[in-house]
Amino acid sequence: MDASQENPLLQVENLRVSFATDTGMRECVHGISFSLRAGEVLGLVGESGSGKSITSLAILRLLEPTAQVSGAIRFAGANLLELREAAMRRHRGSSIAMIFQEPMTALNPVMPIGEQIAESVRAHHPRLGSREIRDRVVEAMQQVALPNAAARYNDYPHQFSGGQRQRILIAMAIVNCPQLLIADEPTTALDVTVQAQILDLLAELRERHKLAMLFISHDLAVVSRTAHHIAVMRHGEIIETGTRSDVFGHPQHWYTRNLLAAIPTMRTDRSHPLAQIAAASPA
Ligand SMILES: Nc1ncnc2c1ncn2[C@@H]1O[C@H](COP(=O)(O)OP(=O)(O)O)[C@@H](O)[C@H]1O
Ligand SMILES: [Mg+2]
């Protein structure tokens, strides 16, 4: 099926986020818009502090209550910003799931990993029996290619490697078959080989489940491996969007060109430091 003929699954319109500070409200996201269809990956890229995580937390409505959020976040027909908290809770971890950056802090160190995945199932399917829940958990563990899934159900997070812990978090995210997966720097804490394996796994899951994915990273090289469309964010604004080939082949904004120039390639001369991203627009 041609995804371009469907309506967007997620449509963010003129999203603004402000936080209360000692000197009044400070706006950190300045009216950004983007959309995402089923089966599509949108890469949101930009340097640290550009507002990527705030954007993902705003979609899930996980920002602190004093944050002001305006605009519209349309998901499957409803504006998430207008939903009651109970309705929002039904989406979180079910139709919209999230993977965070740091696998160790996102897992409870004193609870077996199978039980942690089971909690996500139980939260959304309270009537399922413990046998069915366990079956779903083991199936999710198998889908993320954790070796000996059933046998490792009762193991604790410290008994797994960093890459395996990220797989456990991905299992937790997909166990309720979400339509939208938000991955905020999912591979940043991992070494390069493991990073590549996790990116391959996410691509495979997206394909198999027709997942829409919002893939967030400060690293354009990582985003370009994964995303069909790319939005470049800087200082709380989206300064450039396009297909991967548009952004790579014909970058419009000087900032995007600098991000591209900073990607190391096989030909990069590693005896010199990589190009730094300029702090301000060249005159
Ligand atoms: N809870 C908050 N209260 C006030 N300011 C915040 C809060 N969270 C983030 N910010 C500010 O918003 C900006 C963007 O943050 P963030 O979305 O985390 O950036 P990124 O994920 O792109 O690195 C930063 O300048 C940060 O200091
Ligand atoms: Mg962030």
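Student: How far does a polar side-chain atom of lysine 52 lie from an oxygen atom of ligand 1?
Tutor: A polar contact is a pair of N or O atoms within 3.5 Å. Here the lysine 52 side chain has a polar atom 2.8 Å from a ligand 1 oxygen. Serine 53 also places a side-chain N or O atom 2.9 Å from an oxygen of ligand 1, and a polar backbone atom of glycine 49 is 2.7 Å from a ligand oxygen. The protein covers 65% of the 570 Å² of accessible area that ligand 1 has on its own (Shrake-Rupley method, 1.4 Å probe).

Tutor: Before we go on, this is a predicted model: local features need pLDDT of at least 70, side-chain atom pairs pLDDT 80 or more, while totals for chains, interfaces and linings use all residues. Residues are numbered from 1 along each chain as written, chains are lettered from A and ligands numbered from 1 in written order, and side-chain values use heavy atoms, without hydrogens and water.

Student: Is isoleucine 99 buried or exposed?
Tutor: Buried means under 20% relative accessible area, exposed over 50%, partly exposed in between (1.4 Å probe, protein chains only). Isoleucine 99, in strand E6, is buried at 0%. Its C-alpha is 6.6 Å from that of alanine 173, 74 residues apart along the chain.

Technical notes:
Helices (H or I, at least four residues) and strands (E, at least two) are DSSP runs, numbered from the N terminus. A polar contact is a pair of N or O atoms within 3.5 Å; within protein, one must be able to donate a hydrogen and the other to accept it, and residues adjacent in sequence count only if both atoms are side-chain atoms.
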